[in-house]
Amino acid sequence: MRKSTYEIILPLIIGDKAIEEKALLVNGLYFSVDVVAKEDVDNFVAGDFAALPIALQERLLLRGHLTCRSEAEEIADMKLMGRVHRMISARAGLGVVIMPTYDCNFRCPYCFEQHRLKNGQEWLSNSMSHEMIEAVFAAIENYKARGYAVGECTFYGGEPFLSENINVLRDIAGHAKKLGLSLDAITNGYELDAFLDFMEEYDCKHLQVTVDGVGRINDRRRIHKDGLPTYDRILGNVELALQRGISISLRVNVGRENISGMGALIEDLRARGFLDRTDERGRFSYYFKAASDDRHPQNNICEQDIIVELMKNGFTAMEAIGLQSQYNLPELTLRQIFAKEALPQPSTAYCGSEEGMLVIDPFGKLYPCWDVVATEGAAVGFTDWQSGRFLMGLSKAKWRTRTSDLLPACETCPYVFICRGGCASRAFARHGSYFREYCGEAKEIFAFVASRVAGEIWAKNHENELSLSLAGPLSRLTEAERRTLTESRSQKEIFACLKAAGLWEESRK
């Protein structure tokens, strides 16, 4: 009997106070989350399992914290679940992101697309042709006919909402509407007023807009190419969109030069009435994200700095978590797991780039990630306008296997299903390869969030088993079932096996 290779031990925190007599055991392999007496955790860590009460030993064995399995057998479980995710969840859908143009009316100093400016204004000004739009949507329709889930289309750029391109967007939106796709967009919001009727006509219900601070702070970072002020116009357009029933998610990219202005921005949003909106239509939300500026690394901050700044401005730790994108995502995942409505479904993919996401540029080139558009050698395929199909290269298959279960550095890491290998573009900045791991702040973020979310849930119900565990269902797999899950190429066969083995179930509530 030994401690699992994938064990994480954290404090249990209620509010901002650690509960001294308790601790949190988290098994990153089986998603078992348990509250245990601190003295028992100390014996557990020391390997003195005989000192644990018999009932606790049995519980920890059943839930995978203690195991009689070898490390190789645990790794086999991890790889089995990783393969299941790749074969079922990761291949179920197609995420469509369309770039009408590479052109942009902003020149933000931290933009990861700065390299595209080297191609010249004539290249930048190209917009997607009608023939290419026809071919793109013929290819999307082909995916739908083959059973892929395709639910939405996101406009991206460059800047998608340039007034001179409105007819191009109408062409794209018309094709999307015919296929029953919902529309949203990521925009700087500067020319948003020219698109309000368009969004109403094509039922574009959600936009992500970015500001980086109040007034001049924003204008120094969200820079118009003609030197015009941007803040008041963007926020004025946000108000117009909200009045039309369009929901806005306001993103704030934070660096060293604007972190101290976060509080003033929140107060300005409150003064404008954005934070008091309770309408079902036209909802407003905002969040903060540390900007990564590889050209000016001295301006970079870490994600934790944002949490600290929010708490300085009077937010509780849990409120700050909800306003920081890298903290909010694990919070949502944990709350879903703690609801115990179904067994956890582990993912080994960090984001859509390892799954079904396709970013389609104005020339029909296909990219797996919006961070790598227009980067030499990063395209994974192209749109054949004659046949109306997406033609993929071998690099697309390689991106599909950039998952944590297949990254050597992640194989025995307790965070294999939590960090999931990290961001590919950040891995490239760190290692010069997209196909390496990037840990970033994953451990620190998870510790901060898990300790507090678990503490909040435990304080309400005092249930020591906060989650369901995959350890039991996986231990009961027959050899035949394991072969099916690790070798079969049939999604239908794998899915049937999962259901029969109790590893895939509908909500219990």
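Helix H16 (residues 442–461) lies across E2, E3 and E4, at about 55° to E2. Contact here means heavy atoms within 4.5 Å. Helices (H or I, at least four residues) and strands (E, at least two) are DSSP runs, numbered from the N terminus. Angles run from 0 to 180 degrees between N-to-C directions, with axes fitted as lines to C-alpha atoms, for helices over the stretch in contact.

This is a predicted model; local features need pLDDT of at least 70, side-chain atom pairs count only at pLDDT 80 or more, and totals for chains, interfaces and linings use all residues. Residues are numbered from 1 along each chain as its sequence is written, and side-chain values use heavy atoms, leaving out hydrogens and water.

Now the sheet. It is open, with three antiparallel strands in the order E2-E3-E4; two strands pair if DSSP finds at least two bridges between them. Strand E2 (7–14) and strand E4 (32–37) are at the edges with a single partner strand each, so one side of each has no neighbour in the sheet. On average, neighbouring strands are turned by 35° against each other, direction ignored. E3 (residues 17–27) pairs with E4 over six bridges, and Asn 27 has Ser 32 in E4 as its bridge partner.

Next, a helix pair. The axes of H5 (residues 130–145) and H6 (residues 166–178) come within 10 Å and cross at roughly 20°. H5 and H6 are therefore roughly parallel, the term for angles under 35 degrees. From H5, the contact uses His 130, Ile 133, Glu 134 and Phe 137; from H6, Val 168, Asp 171, Ile 172, His 175 and Ala 176.

Conventions: Angles under 35 degrees count as roughly parallel, over 145 as roughly antiparallel, 65 to 115 as roughly perpendicular and the rest as oblique.
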